[in-house]
Structures are given as C-alpha cells and as structure tokens.
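Here is a short briefing on one helix and some backbone angles. Please look at the structure first.

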Amino acid sequence: MAQVENNKTILKFVPPRSIVHYDFWHKYAEIKIDIDRLDESGRSIFATLSMQTGKAVLVEIACNSFNEQYADVSNGNFCCKGTLLNSNTMESFKESDKNVLLKTQAVQFYRDLMKAETLQSSTDLFTFFVISFADLKTYKFYYWFAFPAPTDLLFTYEQAKPLPIAISEHFRSCIEQQATLNDLFFIYHSMTGIKTISEQIQHQNREANFSETNLQDVYFCVFDMTENSDSELAGWHVRQILAYLMMACPRLAGKSTQWIRVHRDATNKLQFSSMNIILPEERVDPENLCNWVGWQANENGRYIPRVALLADTMSPKRLAENAINLNLKLMKWRLVPSLDLEAIVRTKCLLFGAGTLGCNVARSLMAWGITTITFVDCGKVSLSNPVRQSLYRYEDAVNGGKPKASTAADRLREINPSINAIGFDMKVPMPGHPIGTGDDANESKAALVKLIKLIQEHDVLYLLTDSRESRWLPSMLAAFYGKLVVNAALGFDSYLVMRHGYRDSTNLDDRVEKDAYEEHCPAGFKMIKGFDLGCYFCNDIVAPGNSMKDRTLDQQCTVTRPAVSNMAAGLAVELMVSLIHHPKSAPAFYRMPKNDTLGIAEEPEGILGTLPHSIRGNINTFQSMITATERYRHCVACSDPVLSRYSSEKDDFIIDVLNIAKHLEETVGLNQLMSSVDDDLELKMTIDFEDDSSDES
C-alpha cells in the first residue's frame, strides 16, 4: 500500500475484463464482407457494462453490439459505447504503434466529449476500443481491447467515516424514487437530492462548475463492483470518470471530494460505502496528457492480442446451433437474467411414448435447448399419425410403418443436427400383461434390464403413453432411483399435467427443510413438501391392469381434440424447466378457500412463476385448475411397501406384478382396505334393513 501522506493512500484501479461472444464475430463477418469491405476508419459498437460484486467490471459485446441503438439494459447493467478498428492485413494489425494508437484514440475521445454542451448519459464517460484483424479464410479473429486512462494524474483517498444515518436514509430514499435511474455516475446533494451530469456540469463555461457549491453537501456517486468499504481498489471506470472531472471541473483541482460507491449484493439490493478522493492540483487539458495506459492483458497476464477460432462454429451445423439458442440468450439477457441455461442444457430427458404427446414434448424440449432426448416406444407410424404427431411424415407410415421411437429420434437430428437423440423400439413391461415363458419372457426381462439402465442414466422422465398400466413401472423405478417425473394425460377435451413427488437418500433431513418452507407459506394456502407430493397412481384404489382388453377401436385409441396435446405438452415442458430452477423437492401450494374467501392471497413464485403440483385443464370451458395432493401411503407405485419390496426382491417382484397385478394390492394393503370397506357397507345395509323392518312393524 503506497502512502503519500499520513492519512492518504494512492487509489488503485482494477482493470476491466472483457467477453466477446462468438455471434459478435459471426455478425461482423457479414458486415465486413457486405458493408465495410476495405474501410478501416472504424465502426461504433455498443457493449454491456456490468458490475460483479467483488470482481472486475465486465464488458461484453455480442451480435447486437452493432445495432444503431442499443437496447435498454437493467438489473445493474449499463450500456456503453466503443469503437471497433479492424485492419485489412495482419501486418498492419501487428505493426501499428500501440502507444500512439492509445493516445490518439483517448485524446480524440475527450476532445469530442468536451465539444458537447453537456453529457446526456454518464455511461458516455466509459470508453473503450477494440483493434482486430479478421481472417475470413480460416475464420480466425485476432483482437485486443483497450480502456484508455491517463497515468499523469495521481489520485489519493482517505477512508471516510460511515455516512450519517440521516444522509444514508435520504440517499436511499432518493435512489428508490428514481425508478428509472440507469446512470453509471451521478451527483447527490444532501439538500436537493440526486442530480444527473447534465444538470450539474456544463462544458461551455467549465470554470463555473462547482464554483459556488459547498463540497461538504455534495457526494459524487458511482456504481462500482467492490463491496468492501475499506478497499483501496476501485473499478477502472472510476479512473475515467475522475479524469473527466479534472477536465470538466477545473475548480475541483486539489480538492477533497466525497464519494459514495453503490453496489448490488447477492439479493440485488443496493449497498453503499463512502470514501474521500483527493484530486490532483494541476488543471488538465487532454492535449497535454502524454502518458496513457489501458491495453488489456490476456488470460495469462501477457499484453498480447487474443484470438477467436471460429472455423468450427462457422459450419452450417454450428451456425444452426447458435441460431437455435438465440431466443434463449435473448430471454436471459432481457427478461430473466437468473435463467440457468447451462442447467437446462445438461438435463437428460427420457420420454416414454413417441406419439402425439411425445412428439410435441420433444419439440418444446429442443426449443428450450435440451440436447439429450431419448424415446421409448413399441409402436409403428400409422397413416393416421402424421397429421397429429408432428415428427412424422407420410413416407414414415407406408409399407407397415417405421418404428416410432427411432424415427422420432431421426427427425429430431434432422431439425437440430447437434442434438443427442436416440430411440429405443421396445415395449414397456406392464402389470396385467403376463410375460409368459420362452422367448416372450426373455424379451420382457431384457427390456426390463434396459429400462432400468435408461432411467438411471437420465434426469427427467416424461410419462406420455396411451395406457395407465404402461406408466406404472417407470413411476415406481423413478421413485426408487430418485428421478424427476412429469406426467401428461389426455381426455377428449381435457388434460392433466403433473410432477411426481421427489425423494431420495438426500431427503433424510426433510423435516428441517419443510419447516423452513412453512415459515414462508402465505396465509390462505396450504403447502405440501415436494417429498410428500403424490404420483399419478396415488389416487388409485386398485392396481393398474390390462386396459386394452375387450375394447373397441375408439376405446383403444386416445380420442382427443387435436389441440389438447399441444397444450398439455407445452405445460409439461414448462413445468420441468421451472422445476430445474428450484430444489428437486420443492413444495407445491394450493389455495384454501375457507381461509382466503376473496381469493386475493398470492402463491409464492420462482423466477419463472409458480410451481404447481398438477394442472388440470378443460378446453370445453377454457379453464385450468391448479391442484396439489399428498402422497398416498397405500399407493401402488411410490409407497414405502412397494419400494421396500423392489429393494429386496428387484426383478422378481416386478415379474410377479406383471403376471398378476393383484400382487400390488396385497403389497400395499389395498385388498384389506377394500375388504374393510365391503364389511362396513354390508353392516350398514344390515342396519338399514333392520330399521326398515322395525318401521313396518
């Protein structure tokens, strides 16, 4: 720490970091070829400037940096302007005098700055430029960022006392009232509140700036990345702002100025720290500043250019991938900054059923950036399928039809060549469908082994099959292996979309977590912990059996209004994406009308809205209902007795259930429960009969 006087310390500045997204070079390649050609005069670009608490200021440029007007930014980010200087040859890029270039660009910047009557935005004070060479034959882009700042100016600071409570409260109140405040740098007066640069600083008569102002009442305010009020480090933009003040406000030379540094904490709340910065005594003219710094070091700390290798990304396959993800990136940048796209991409989805629901779910998953999709289905494409099942074509249905699962995977790869899509043309073993002996038994056992392996390898299971019994085995195995399950089922004009309760070995301390959630359960709602949410079979009082037996054609097929599948599939995927952004055992809430008679209580929301247990919709009335049900202790799929028997007997238990579905009812005690109900009913009928006889007599 360099001391210049007893209580003064040299203020140090943290150089910014920069990120260039690949789509920036994709866009510039088009501009270079079609517009700029051999023009080396430079092109104005925009960048996003973000303050990351405890880290260096981050400067990002992307394809939209070439827009004529930069889109509005929020969530603590700022828009700033810069210049792209592209050389036509590698020689001119290498041989240009970097020190001369740095000074030339800096002096020109401040000269143009002072020509304006005042600044319209404080982000205009942050300046940068990028020199580059675009080798469009090999798709290599060499580039180097520079953030000019004069070294002739030495700034010192004193640790200021904490802001007086009255000042701190008034300052916070002023910021909260400025809902649209998006200024990197502004001025606060303890009596009159917040002032922008254009209100306080004029360039035509610089001597008048702060000439009649009591500096004890003035605080210079800047958004910065540091959260430590004792830190001797400030962001690089603060250095550029200080240089501007020296040029625009000569009356401040040699003065001690009060500063408030503003930053956002992890919860996005504003925090403040103060310091006193002493400005140099000399008056500043940009033309007379000789020494400038600002070239950015690379990842290894060396002051050399960086290179972007885009040969692979410029291939049609990679270009398609970038285009596919553009909507998701825009969504994250503009609307949901906390959206975890990486977590979504990593999610591996296993789809049971490649019919109407399966096709629509797969397409929505692709749109969300899911890159691993696996189908399981034993059916073949029929002539009635292509008009309703969006992944198939007419030629897939002729000559007996192609297998659905593998064909659906092929179609996904045609749409997005980079996707990892696989289809397994196999039958899911089902209760009430005996496996028999010989080859049939061997085929069923092999399918069971493969099915267990697939479930273990994937993160989310979608149950999208035609029959109830085909969902039992995936439901039971998912409960046992701790996998997320999203279930979608269709009626003629109705649908059900639900998530199964989630539990695994990490839920041992579930009671503590539940209590923590209950503290935030709003009045008018009841909360069901994710551990206790029911599955698709929790409302059953009988085991699933052969639902296809002795049924007519209309009963064997899912007869439903055409758009119902699209609606249910879309909701199923959105439910999964919302769930990814919560703990896997996140609770569900349902409204209790008796406690909220007016229906005004609001359900807790995550970054993508509420997280329901189930959604029941009906397009006859165009209404949907959000419901939540608890896990049933006699459930034939997720109850403890079923999971315990599978844990001890494994495949033998499953085979017993396949051959005789009633084994499930015996395992969970449903047979005893039904027997008890029958006895109660018989007793009631006897009593009623005796009462009737008594009345007659």
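In this predicted model, helix α9 covers residues 356-367. Its twelve residues should span 16 Å at 1.5 Å a residue, and the end C-alpha atoms lie 17 Å apart, which agrees.

**Helix α9**

- Nine of the twelve residues of α9 are buried, so the helix is largely enclosed by the rest of the structure.
- Buried here means under 20% relative accessible area.
- The buried residues include the run T356, L357, G358, C359, N360, V361 and A362.
- L365 and M366 are buried in α9 as well.
- Just after α9 comes G369, with a positive phi of about 90 degrees.

- Most residues other than glycine have a negative phi.
- F210 sits in the loop between α5 (197-200) and β13 (218-223).
- N399 belongs to the loop between α10 (394-397) and α11 (404-415).

**Buried or exposed?**

- Which class does F210 fall into, buried or exposed? F210 counts as buried because its relative accessibility is 7%, and the cut-off for buried is under 20%.
- N399 counts as exposed because its relative accessibility is 79%, and the cut-off for exposed is over 50%.

Definitions and conventions:
Residues numbered from 1 in each chain as written. Predicted model: local features only at pLDDT ≥ 70, side-chain atom pairs only at ≥ 80, totals over all residues. Heavy atoms only, no water. Helix = DSSP H or I, 4+ residues; strand = E, 2+ residues; numbered from the N terminus. Buried < 20%, exposed > 50% of the residue type's maximum accessible area, 1.4 Å probe, protein only. Expected span 1.5 Å × (residues − 1).
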